Amino acid sequence: MRRSSVNHPRRQGNPIPQRTYQPRKGEGLLPGARARQDVIAALDVGSTKVCVLVAELSEESEVDITGYGVAPSHGMRRGVVVDVEGTVRAICEAVEKAEHMADVRVRSVTLGVAGTHVQSFNNRGVIAIAREDKDITEEDVARALEAARVLTIPPDRDIIHVRPREFIVDGFDGIRDPVGMVGNRLEVEANIVTGSTTSIENILRCVARADLEVEGTVLSGLASGEAVLHPAERELGVVVADIGGGTTDVAIFDRGGLWHAAVIPVGGDHITNDLAVGLRTPLAQAEKVKIQDGVALVDLAPADEFVEIPDVGGSRTHRVGKRALAEIIQPRVEEIFDLIVKEIKKSGREGMLPGGIVVTGGTALLRGLDEVGQYETGLPVRVGYPQGQAGLADLVRNPGCSCAVGLVHFAAQNLLAKEEAGAAEPLSGLFAGIFGKVKNWFKQSY
Ligand SMILES: Nc1ncnc2c1ncn2[C@@H]1O[C@H](COP(=O)(O)OP(=O)(O)OP(=O)(O)O)[C@@H](O)[C@H]1O
Ligand SMILES: [Mg+2]
């Protein structure tokens, strides 16, 4: 017997669940199933789709994906909520699909945060090690990170992440993990990511209205990097560009950590739009022709092949060469890579990223996109597929799922860290302000 639909807010007549629902212990599980503490869920609310993954941690701490749900997203624009009802409905639909597949009830999620409001900068935190033994502990690292976040942030912005780039002990720099070392003075060079308070509150509100708690929040670009990068790339210096529908999340990693993050307001939907305008066809047709016949590089398009494109009215069609399609697509792809290069320059890592660019997100599936990226940026470009998970691995081995898969990995790390810390108090202040609504802390590791 599957779970009853009665009492399930996401299956009642009203498509928008109200927050009156009080989950009961054990509800929603198949008979005989235990209320597992090790079930984790990820929620990526994108501009074109909402993706939910449910996973379990195996005995060996491997991520085993057991549920997958996707719903079209109509309430987001460039990573920002523009329609609360539409967003809540899409979240509920995706959660419900993932719940059905995994046969568990999802009560809390790890949420991806994105949007063009995201900004990143660097700051230094300094503390003295006052104890007699001079041993640097995890608490000292947390204090140094706290010190790094003490800076004037406009009242309309909130801190999303404070991530250490390197530590400096008594003037010696380049230290990855100072715990266990001795020293008098600990400095941390940290990358701080902030976002608009209103934009973050709006997405948190949508998640709450879908009857979900937020276990933790992770910058979407950071999550995508977690899913597609090899540790060696992160060490060498690499750019992750998650080219989605409305935005491109850029995250630059170096020496194992996040160096710079930004969200560019251009994505695959702009290509669709260009095709709709250029071919005088409805958006849905432009999207279809982009996916079926579009290539990013004109040289890859056969000169003697044509496609029938419906007119805006829908009653007639006209013939367009595949090369003409590519001629519309290529300039937009070049623009996206030019904007990525601008972010590389801003980060100060130009010429220091031998790992090149790893493109992911749905638009990374556009044939020839990596080649355009390569000649436009002069860097090696590869398409990144999510790695390192079992279970429904085939279903999510798609660049469009990178962010959600990365969120699952973060959720797993958080769960393990919590288990390790036992009933330890959360690190104070890491999620101050509006993130006070977020249930748990995330280990601020590399
Ligand atoms: N096979 C394909 N070829 C080309 N483009 C594709 C393909 N599959 C998906 N896309 C494009 O990928 C985009 C959606 O990507 P993705 O699912 O990563 O976006 P999102 O996460 O919803 O949006 P965002 O990250 O911008 O908020 C759409 O523009 C879609 O047209
Ligand atoms: Mg996305």
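This is a predicted model: local features need pLDDT of at least 70, side-chain atom pairs count only at pLDDT 80 or more; totals for chains, interfaces and linings use all residues.
Residues are numbered from 1 along each chain as its sequence is written, chains are lettered from A and ligands numbered from 1 in the order in which they are written, and side-chain values use heavy atoms, with hydrogens and water left out.

An open sheet of 6 strands comes first. Helices (H or I, at least four residues) and strands (E, at least two) are DSSP runs, numbered from the N terminus. Two strands count as paired if DSSP finds at least two bridges between them. The strand order in the sheet is E11-E6-E1-E2-E3-E19, and the pairing is mixed. E11 and strand E19 (390-391) form the edges, each pairing on one side only. Strands of a sheet pair through backbone hydrogen bonds, in either a parallel or an antiparallel sense.

Strand E6 (residues 108-113) can be followed in some detail. Its pairing with strand E1 (residues 39-45) is parallel and covers 2 bridges. On that side alanine 42 is opposite threonine 110, and leucine 43 is opposite leucine 111. Strand E11 (residues 213-219) also runs parallel to E6, and 6 bridges join the two. Here leucine 111 has threonine 217 of E11 as its bridge partner.

How much of E6 is buried? The term buried means under 20% relative accessible area, exposed means over 50%, and partly exposed lies in between (1.4 Å probe, protein chains only). By that criterion 6 of the 6 residues of E6 are buried. In a regular strand the side chains alternate between the two faces of the sheet. In E6, Ser108, Thr110 and Gly112 point one way, Val109, Leu111 and Val113 point the other way, and all are buried.

Two hairpins follow. Strand E13 (residues 248-254) runs antiparallel to E14, and 7 bridges join them. Threonine 248 has isoleucine 264 in E14 as its bridge partner. The hairpin has 2 residues between the strands, and arginine 255 in the turn has a positive phi of about 45 degrees. Strand E14 (residues 257-264) has 8 of its 8 residues buried, so the rest of the structure largely encloses it.

Isoleucine 309 has histidine 318 in E16 as its bridge partner. This hairpin has 6 residues between the strands, and glycine 314 takes a positive phi near 90 degrees.

The charged groups come next. Side chains of opposite charge can pair when their charged atoms come close. A salt bridge is defined here as a side-chain nitrogen of Lys or Arg within 4 Å of a carboxyl oxygen of Asp or Glu, and 23 of them are found in the whole structure. One of these joins aspartate 44 and lysine 49, at 3.9 Å from N to O. Aspartate 44 counts as buried at 8% relative accessibility, whereas lysine 49 is partly exposed at 21%.

Glutamate 215 and lysine 418 form another salt bridge, with their closest N and O atoms 3.0 Å apart. Glutamate 215 is in strand E11 and lysine 418 in helix H11, so this pair links distant parts of the chain, 203 residues apart. Glutamate 215 is buried, with a relative accessible area of 12%, and lysine 418 is partly exposed, with 25%.

Arginine 176 lies in the loop between E9 and E10 and glutamate 235 in helix H5 (residues 231-236), so the pair ties together parts that are 59 residues apart in sequence. Both are partly exposed, arginine 176 at 35% relative accessibility and glutamate 235 at 38%.

Which residues gather in the patch of negative charge on the surface? They are Glu138, Glu139, Asp177, Glu419 and Glu420. Helix H2 (138-148) and helix H11 (402-421) are the elements that give two or more residues to the patch. Aspartate 177 is found in the loop between strand E9 (172-175) and strand E10 (185-196). Patch residues have over 30% relative accessible area and no salt bridge, and like charges are joined within 9 Å.

Definitions and conventions: Patches are made of residues with over 30% relative accessible area and no salt bridge: like charges are joined within 9 Å, nonpolar side chains (Val, Leu, Ile, Met, Phe, Trp, Tyr) within 5 Å. Accessible areas come from the Shrake-Rupley method with a 1.4 Å probe; for residues, only the protein chains shown count as cover. Lys and Arg count as positive and Asp and Glu as negative; His and the chain ends are not counted. The place of a charge is taken as NZ of Lys, CZ of Arg, CG of Asp or CD of Glu.
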